[in-house]
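Biologist: I would like to learn how to read a model like this one. Can we go through it feature by feature?

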Amino acid sequence: MLYDLSDRAQQVLARVQARVEDAIIPLEPAFAAAMKSPDRSWALMPELEALKHQSQKEGLWNLFLPDPERGAGFSNYEYAFMAEAMGRSLLAPEVFNCNAPDTGNMEVLHHYGNAEQQAQWLTLLLKGEIRSAFCMTEPDVASSDATNMQATVRLDGNELVLNGRKWWSTGVAHPNCELLIFMGRSSDTGHRHRQHSMVLVPKNHPGVRVERLLSVFGSEHLPYGHGVVEFNQVRLPKTALLVGEGAGFEIAQGRLGPGRIHHAMRAIGAAERLLKMMIERGLERQAFGKQLIDLGGNRERIANHRMAINQARLLCLHTARIIDKHGVRKALSEVAQIKIVAANLMQQVADDAIQMYGGAGVDDALPLGEFWAAGRVLRLADGPDEVHRGTIAKLELKPYLDARK
Ligand SMILES: Cc1cc2nc3c(=O)[nH]c(=O)nc-3n(C[C@H](O)[C@H](O)[C@H](O)COP(=O)(O)OP(=O)(O)OC[C@H]3O[C@@H](n4cnc5c(N)ncnc54)[C@H](O)[C@@H]3O)c2cc1C
């Protein structure tokens, strides 16, 4: 193998790749049909649930978590190859208990939860028995600047009282969603990054209400769903607070670093599959006496995508190595870079694949539209491209500006 991976990582990678290609991708048409079913009561696809149990039994489970006790014990570098394999199907990550937002939420509980909180929530999440959502973004404020957040967490004796409205809370519609991680303002004074706190909220707690589901270009992304969630006088014991008052930003930073690189790893896998589909279609169809691949600059597009995918993969692996060796705080620029690069890559390859397929490209019988939409929203979710460009520029300029002080 070109890249140095341990024997164990290589074996697991080969099994993940085989499971995705042989068992998960073939289920996509049935899943797409079920999504369209007028009977909205269908929830979890039995075939996917069976694959999940199989993965768990075989140890192809929690591969994202470097901790060897709770997770599979792979480094971010090793996991990058596995996540890329999972990225080839939008259905795959959950089959290995490696799907967002649960992975990020499990990381939060693993790093910041106390023993009681871990026993109550983390154990069930690691077993895949419950799902969770992360409630940070709000409809009424520009949430790319998270210091804008207005929802509140107030202390009342030994209780916390939560109020506010969140949206784009991914996962709230999932039938097994039981935990919401809520971030709200707990103080109006002090450092702007010490004014918010995070609280663990049972989804079925009094005062919590999913107002409605949002759609992404017409799809509600079931079974996960993105919800608008109201928190109205939600009362919880103080023990539901993560770390302590004012720790919200510290936890959010810790959560988003690995989460963003995981998105990037999967997006690269998606781009690989899209390129493959694009080439296959270009070779099998003819117009104007030529194969589609030989018309109108398609070969150049394919060459450009091959270069872009290879570059993105190297940047992703480079970022993973920095995180593994020095921690996520030393990889802030690289994480921002790969988040932008991979999301745009996925969207662009999907767009060109759709074009190569003509009308078939926009029909939901093929996953191209879903991949395009997933790439497009990834340019917003976990922070818009522009905010990440701002981070990269700030870090790049820092030594120059420091030298001028
Ligand atoms: C599919 C999907 C899933 C999501 N899942 C979750 C989730 O699970 N939990 C959660 O809390 N949130 C989630 N989000 C929300 C997401 O993180 C926010 O939409 C994002 O952070 C942007 O916030 P906003 O929508 O308020 O946009 P705004 O803050 O209003 O920004 C709008 C636009 O302004 C521009 N802009 C903003 N800042 C800058 C800047 N510094 N420089 C230049 N231009 C700028 C950008 O073009 C940006 O797109 C999800 C979003 C989507 C679409």
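Biologist: In which loop is proline 101 found?

Modeller: Proline 101 sits in the loop between α5 (92-95) and α6 (102-112). Helices here are DSSP runs of H or I with at least four residues, strands are runs of E with at least two, and both are numbered from the N terminus. The model is predicted, so local features need pLDDT of at least 70, side-chain atom pairs count only at pLDDT 80 or more, and totals for chains, interfaces and linings use all residues. Residues are numbered from 1 along each chain as its sequence is written, and side-chain values use heavy atoms, with hydrogens and water left out.

Biologist: What should I look for in the backbone?

Modeller: Most peptide bonds are trans, and most residues other than glycine have a negative phi. Here the peptide bond from alanine 100 to proline 101 is cis, with omega near 5°. Leucine 222 and proline 223 are also joined by a cis peptide bond, with omega about 5°. Proline 223 lies in the loop between β6 (208-214) and β7 (226-237).

Biologist: What is the phi of glutamine 233?

Modeller: Phi of glutamine 233 is near 50°, a positive value in a residue other than glycine. Glutamine 233 is placed in strand β7.

Biologist: How do I read helix packing?

Modeller: Two packed helices are described by the angle between their axes and the distance between the axes. Axes are lines fitted to C-alpha atoms, for helices over the stretch in contact, and angles run from 0 to 180 degrees between N-to-C directions. Helix α1 (residues 7-24) and helix α4 (residues 76-86) pack at about 10°, with axes 9 Å apart. α1 and α4 are therefore roughly parallel (angles under 35 degrees). Contact residues (heavy atoms within 4.5 Å) include Val12 and Val16 of α1 and Phe81 and Met82 of α4. By class, this contact has 9 nonpolar, 1 polar and 1 charged residues. Ala, Val, Leu, Ile, Met, Phe, Trp, Tyr, Cys and Pro count as nonpolar, Asp, Glu, Lys and Arg as charged, and the others, Gly among them, as polar.

Biologist: At what angle do α4 and α9 pack?

Modeller: α4 and helix α9 (residues 298-326) pack at about 145°, with axes 8 Å apart. Among the residues that meet are Tyr77 and Glu84 in α4 and Arg313 and Arg321 in α9. The contact of α4 with α9 has 6 nonpolar, 1 polar and 4 charged residues.

Biologist: Which residues come nearest to the ligand?

Modeller: Phe134, Thr137, Ser144, Trp168 and Thr170 come nearest, of the 18 residues around the ligand (a heavy atom within 4 Å). By class, the shell has 10 nonpolar, 6 polar and 2 charged residues. β3 (159-170) and α12 (385-403) each supply at least two shell residues.

How values were computed: Parallel < 35°, antiparallel > 145°, perpendicular 65-115°, else oblique.
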